[in-house]
Structure formats: structure tokens, C-alpha cells
Amino acid sequence: MYRRVKNPWLGKEGYNCIGCAPHNPFGLHMHFYVADENVLWGEWNPSVNYESWPGVVHGGVQAMMLDEAAEWWINAFRQTAGITTKMEVKFHKPVLMADGPLRVKATHLKDMRRYVFLLVELLNSKDEVCSSAEVVYLQYPRELVEREYGFTGCELEDEDTSPA
């Protein structure tokens with residue numbers, strides 16, 4: 001069962017994230033889902049606006065998707081926000097537009113003080129890992145993100161809203 005993560009930033013002044021804001025005309029409009037206590041899934045259907053070579057998703061867009069999923073893992077599972085301090089991306093195979101819709105999978109690896117280590121993978125519609133990243137995230141204290149960014153926590157939708 002997948003439960004969609006409600007976007008905690010909707011209605012916040014200045015919210016225009018290129019990864020997840022539904023109103024950003026240039027954004028990816030990504031959605032995220034919780035499958036169990038450790039795994040977050042995201043989805044995105046590519047368009048020609050985000051290609052490098054004809055029919056291939058740009059590597060920078062892939063990296064943005066991986067980074068976005070890491071932040072949403074922190075939002076959903078730690079009920080706070082943070083910032084990427086290190087991200088090592090590996091490109092395993094080209095991501096073809098025809099291979100969409102694409103999914104990202106973020107999984108917790110370990111914690112070290114306020115640092116969270118995550119593995120994030122980008123999969124095509126054949127469930128092949130096309131790119132991946134080990135992301136090190138600095139988790140901010142909840143009080144800071146409430147005060148500075150208006151983050152009030154993440155909720156999950158009640159019903160099963162499995163991605164396509």
C-alpha cells in the first residue's frame with residue numbers, strides 16, 4: 001500500500017520549488033508516497049522540456065529528482081527539513097523519455113549526529129536503475145524549520161493512492 005505525502009508547503013508564501021511546486025510552470029511537479037517505514041517513492045512523467053540529447057532526460061534533471069526525493073524523505077520520516085551537504089550521483093544508463101513514467105526511491109542508510117545518509121535511485125518503467133545517489137543530508141531542528149520556513153509537518157493521505 002502506498003500513501004501519498006500531502007505537500008506541507010502548499011499555501012506558504014514564496015513556495016515555488018522547481019521539484020514539487022504544482023504551480024511552477026517550469027517545475028517537475030513531483031509527488032511522493034510512503035510505502036513502509038523506511039522507503040519513500042516519487043514519480044515524474046518526463047517531457048521534451050527536460051531532455052539533453054533528443055529523447056534523453058538531462059543528467060542535471062535526474063540529479064534534481066534524486067535530491068528532491070532526499071528532502072521529501074526527511075520531510076515525511078523525520079518531520080523536519082534540511083539541506084543537502086553531499087550528493088554523489090552515478091549514471092548507470094541513459095534515461096529515455098520513452099521509458100517513463102519515472103520513479104525515484106529513497107531509502108535510509110544510517111544517521112550520524114544530525115546527518116542522514118540516504119540512497120536514492122531513479123528507475124524507469126522497466127524497474128531498471130538508471131541513476132542513483134548517496135545523499136548526505138543535514139537535518140535541521142524542527143523548531144528552526146517551523147520558525148524560518150513555516151514547516152508544520154507532513155501528513156499522509158488516508159487511502160491507498162498507489163502511483164501509476
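1. Gln79 is partly exposed, with a relative accessible area of 24%, where partly exposed is the range between buried (under 20% relative accessible area) and exposed (over 50%), computed with a 1.4 Å probe and protein chains only. Its phi is near 55°, a positive value in a residue other than glycine, and Gln79 sits in the loop between α1 (59-78) and β4.

2. On provenance, this is a predicted model, in which local features need pLDDT of at least 70 and side-chain atom pairs count only at pLDDT 80 or more, while totals for chains, interfaces and linings use all residues. Residues are numbered from 1 along each chain as its sequence is written, and side-chain values use heavy atoms, with hydrogens and water left out.

3. The peptide bond between Gly100 and Pro101 is cis, with omega at about 0°. Pro101 is located in the loop that links β4 (82-91) to β5 (102-112).

4. As for the overall architecture, the chain contains two helices and seven strands, these being DSSP runs numbered from the N terminus (helices H or I, at least four residues; strands E, at least two). Read from the N terminus, the order of elements is β-β-β-α-β-β-β-β-α. The radius of gyration, 15 Å, is close to the 15 Å that the globule rule gives for 164 residues, so the chain is as compact as a globular protein of that length; this radius is taken over C-alpha atoms, and the rule is 2.2 Å times the number of residues to the power 0.38. Along the principal axes, the C-alpha atoms fill a box of roughly 45 × 35 × 30 Å.

5. Of the contacts (heavy atoms within 4.5 Å) between residues at least 6 apart in sequence, 65% join residues at least 24 apart. The accessible surface of the chain comes to about 8600 Å², and carbon and sulfur atoms account for 52% of that surface; the areas come from the Shrake-Rupley method with a 1.4 Å probe, and for residues only the protein chains shown count as cover.

6. For the charges, the chain has 16 positive and 23 negative ones, whose mean positions are 5 Å apart. Lys and Arg count as positive and Asp and Glu as negative, without His and the chain ends, and each charge is placed at NZ of Lys, CZ of Arg, CG of Asp or CD of Glu.
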